[in-house]
Amino acid sequence: MENIYSVLLTAVTVMGGSAAWRYYEKRAAKKEEDDRWIKNDCSSRITKLEALLEQSSKEKDEMRAIILNLTGQVAELRTRIEFLTDNK
């Protein structure tokens with residue numbers, strides 16, 4: 001009778017051990033899949049942010065050129081105003 005209990009206990013232990021092993025394997029695979037998804041998501045976000053940064057840099061350069069042009073026009077208008085007010 002003791003041998004039957006030992007055999008049953010060993011069988012239950014082995015079954016439980018293999019079920020736990022399968023559980024931990026699935027859990028590790030799921031974690032790896034989540035990590036891969038996060039890595040791909042971050043990679044695509046970084047690509048989008050780099051494109052936005054480049055675009056804003058170009059816009060900033062264009063705005064700087066416009067401001068320089070407008071500054072030149074304002075200086076020209078000041079000179080004309082001074083010339084017109086001095087001649088009266």
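Analyst: D35 is partly exposed, at 41% relative accessibility. The model is predicted. Buried would mean under 20% and exposed over 50%, so D35 falls in between.

The partner of D35 is K31. The two side chains form a salt bridge, with 3.5 Å between the closest N and O atoms. That value lies within the 4 Å cut-off for such a pair. Side chains of opposite charge can pair when their charged atoms come close. K31 is exposed, with 52% relative accessibility.

Next come E32 and R36. Their side chains also meet in a salt bridge, at 3.4 Å from N to O. Both residues belong to helix 1. They are four residues apart, about one turn of the helix. E32 is partly exposed, at 48% relative accessibility. R36 is partly exposed too, with a relative accessible area of 45%.

E54 and K58 make another salt bridge. Here the closest N and O atoms are 3.7 Å apart. The spacing is again four residues within helix 1, or about one helical turn. E54 has 48% relative accessibility and counts as partly exposed.

How many salt bridges does the whole structure hold? The search finds seven, among them the D35–K31 pair.

Now the charges as a whole. The chain carries 15 positive and 15 negative charges. Their mean positions are 2 Å apart.

R22 is a further residue of helix 1. R22 is partly exposed, at 46% relative accessibility. R22 also gives a sense of distance along the model. R22 and E82 are 60 residues apart along the chain, and their C-alpha atoms are separated by 88 Å.

The nonpolar side chains deserve a look as well. M1, I4, Y5 and L8 make a nonpolar surface patch of about 490 Å². I4 lies in helix 1. I4 is partly exposed, with a relative accessible area of 49%.

What does the overall fold consist of? The chain has one helix and zero strands. Its radius of gyration is 38 Å, well over the 12 Å that the globule rule gives for 88 residues, so the chain is more spread out than a compact globule. Along the principal axes, the C-alpha atoms fill a box of roughly 125 × 15 × 5 Å.

Buried residues make up 0% of the 88 residues. The accessible surface of the chain comes to about 8700 Å². Carbon and sulfur atoms account for 63% of that surface.

The setting is a chain with one helix and zero strands, in which 0% of the residues are buried.

Definitions and conventions:
Residues are numbered from 1 along each chain as its sequence is written. This is a predicted model: local features need pLDDT of at least 70, side-chain atom pairs count only at pLDDT 80 or more; totals for chains, interfaces and linings use all residues. Side-chain values use heavy atoms; hydrogens and water are left out. Buried means under 20% relative accessible area, exposed over 50%, partly exposed in between (1.4 Å probe, protein chains only). Helices (H or I, at least four residues) and strands (E, at least two) are DSSP runs, numbered from the N terminus. Patches are made of residues with over 30% relative accessible area and no salt bridge: like charges are joined within 9 Å, nonpolar side chains (Val, Leu, Ile, Met, Phe, Trp, Tyr) within 5 Å. Accessible areas come from the Shrake-Rupley method with a 1.4 Å probe; for residues, only the protein chains shown count as cover. The radius of gyration is taken over C-alpha atoms; the globule rule is 2.2 Å times the number of residues to the power 0.38. Lys and Arg count as positive and Asp and Glu as negative; His and the chain ends are not counted. The place of a charge is taken as NZ of Lys, CZ of Arg, CG of Asp or CD of Glu.
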